[in-house]
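Here is a short report on one protein chain, written for reading beside the coordinates. Keep the structure open and follow the residue numbers.

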Amino acid sequence: MSEHSATPASVVLSGYGPVGRAYLDHLAAHGEALADRHGARLRLAAVRTSSAEHLPPSANGAGTDSTWAPPPPRSAWGPLPSLAETLDGTGAGVLVQCVPSSPEVRDQAAAEALLALRRGVHVVTATKSHLLSHWRELGRAAAEGGSLIRISGATGAALPAGDLARAGVRGLGCRTIRACPNGTATFVLDRLAAGDSLADAVAEARRRGIAEADPSADLSGSDAATKARLLAALLWGWDASAVRTETEAVDDGTARAAREAAASGRRLRAVASARADEPLLVRVRLERTAPGDPLHALTGPEKAVVYGCPDAGDITVSGGRSSPLGAALAMVKDTLDVAVPRRLGFG
């Protein structure tokens, strides 16, 4: 793809934590190669936090990699205008959301995504909270504005499970989802099976950068349930905000069950499941998986999703890095997906 045929696309990055920084750093290092290979010349239009905004040099509108240079210290950023002002002033075509998935920012994240979608600005998000509370409303806003919303960063980071649920298994008649979409839980369960205490297993997961400072969502099953809710919504058209969940936690009493499973050649896994014939219900259970089960084969923080398709056969996607970089790469992929014009033939 020649430089002159690449389509320019301006990006507003909302959130500048570990995932936002990894996203920016990757595009600074690889933006030119991505433009040549995929046909979208991405330009950073603005970086926004909860209290300030950074507007990078425009590079004369060319959108070269220089626009992805790290922002200056926060003290040098400007005041935070409304998102509408930023979108109008920059002409951005994509809003990338890397804000925390917390109740405190949910409504603001939803309001900004709705505003962007209704204006015809595509949204790429790793933020889960507003997807769970505003699913139908976000879909309607995208239809009104003729825009797209992509959520790979919220459904498994670098694991392309969301792409499969949204389009990859379309028409194959998949009726079930079984998933281990939380790498921390898988890692901790294997450490418990090896003889670690829960505290030691979590400490090791933190040391390796697998677990967050507060792993409660990982160990309670709520993160796995959230990802399964989103996958089921993409696959079967469920309203993610209406899905009920039943979860079983990894706790101090789990170590014995993990060791007993290992002694019989099995592996304990925190499995999130949903069925088309049980609408709006996701369960997370601790299962003794057997050899031959794709979820049994996972090691370390690996993740997997199995789409059960009676006629086509089970379809499994596994792997994918659980890290800020893995989430950032998923968002780069999604940004290219919404920014690159559809081409004929194999394009």
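The report moves from the sheet to the hairpin, then to the cores and the aromatic rings. The model is predicted.

**The sheet and its helices**

Start with the open sheet. It has 7 strands in the order E4-E3-E2-E1-E5-E6-E7, and the pairing is mixed. Val 123 has Ile 149 in E7 as its bridge partner.

Helix H12 (residues 324-339) packs on this sheet. It touches E1, E2, E5, E6 and E7, and its direction makes about 165° with that of E6. Helix H1 (residues 18-38) lies across strand E1 (7-14), strand E2 (40-48) and strand E5 (94-97). H1 runs at about 160° to E2.

**The hairpin**

Strand E12 (residues 303-308) and strand E13 (residues 315-319) run antiparallel, joined by 5 bridges. Lys 303 stands opposite Gly 319 in E13. Between the two strands of this hairpin are 6 residues. Gly 313 takes a positive phi there, near 95°.

Which residues touch the most other members of the largest nonpolar core? They are Val 12, Ile 177, Leu 230, Val 305 and Tyr 307, out of 47 residues in that core. Helix H10 gives the most to this core, with 8 residues. Beyond its close sequence neighbours, Tyr 307 is in contact with residues including Ala 161, Leu 164, Ile 177, Leu 231 and Leu 235. Gly 313, Asp 314 and Ile 315 are also among the contacts of Tyr 307. Another core lies apart from the largest one. It holds 28 residues, among them Cys 98, Val 124, Met 331 and Val 332.

Thr 226 belongs to helix H10 (residues 222-236). Is Thr 226 buried or exposed? Its relative accessibility is 13%, so Thr 226 counts as buried. Leaving aside neighbours within four places in sequence, Thr 226 is in contact with Lys 128 and Leu 132.

**Aromatic rings**

The model has 3 aromatic pairs. Two of them are listed here.

| Pair | Centre to centre | Angle between planes | Class |
|---|---|---|---|
| Tyr 16 and Trp 77 | 6.0 Å | 50° | tilted |
| Trp 236 and Trp 238 | 5.1 Å | 40° | tilted |

The pair of Tyr 16 and Trp 77 links distant parts of the chain, 61 residues apart. Tyr 16 sits in the loop between E1 and H1. Trp 77 sits in the loop between strand E3 (52-54) and E4. Tyr 16 is buried, with a relative accessible area of 14%. Trp 77 is buried as well, at 9% relative accessibility.

Both of these rings also have an arginine over the face. Arg 21 lies over Tyr 16, at 5.8 Å from the ring centre. Arg 74 lies over Trp 77, at 5.0 Å from the ring centre.

Why does the pair of Trp 236 and Trp 238 count as tilted? Planes under 30 degrees apart count as stacked and those over 60 as edge-to-face, with the rest tilted. The planes of Trp 236 and Trp 238 are at 40°, so the pair is tilted. Trp 236 is partly exposed, with a relative accessible area of 21%. Trp 238 is buried, at 8%.

Technical notes
Residues are numbered from 1 along each chain as its sequence is written. This is a predicted model: local features need pLDDT of at least 70, side-chain atom pairs count only at pLDDT 80 or more; totals for chains, interfaces and linings use all residues. Side-chain values use heavy atoms; hydrogens and water are left out. Two strands pair if DSSP finds at least two bridges between them. Helices (H or I, at least four residues) and strands (E, at least two) are DSSP runs, numbered from the N terminus. Buried means under 20% relative accessible area, exposed over 50%, partly exposed in between (1.4 Å probe, protein chains only). Contact means heavy atoms within 4.5 Å. Axes are lines fitted to C-alpha atoms, for helices over the stretch in contact, and angles run from 0 to 180 degrees between N-to-C directions. A nonpolar core is a set of buried Ala, Val, Leu, Ile, Met, Phe, Trp, Tyr and Cys residues joined through side-chain atoms within 4.5 Å. Rings of Phe, Tyr and Trp (its six-membered ring) pair if their centres lie within 6.5 Å; planes under 30 degrees apart count as stacked, over 60 as edge-to-face and the rest as tilted. A charge sits over a ring if NZ of Lys or CZ of Arg is within 6 Å of the ring centre and within 35 degrees of the ring normal.
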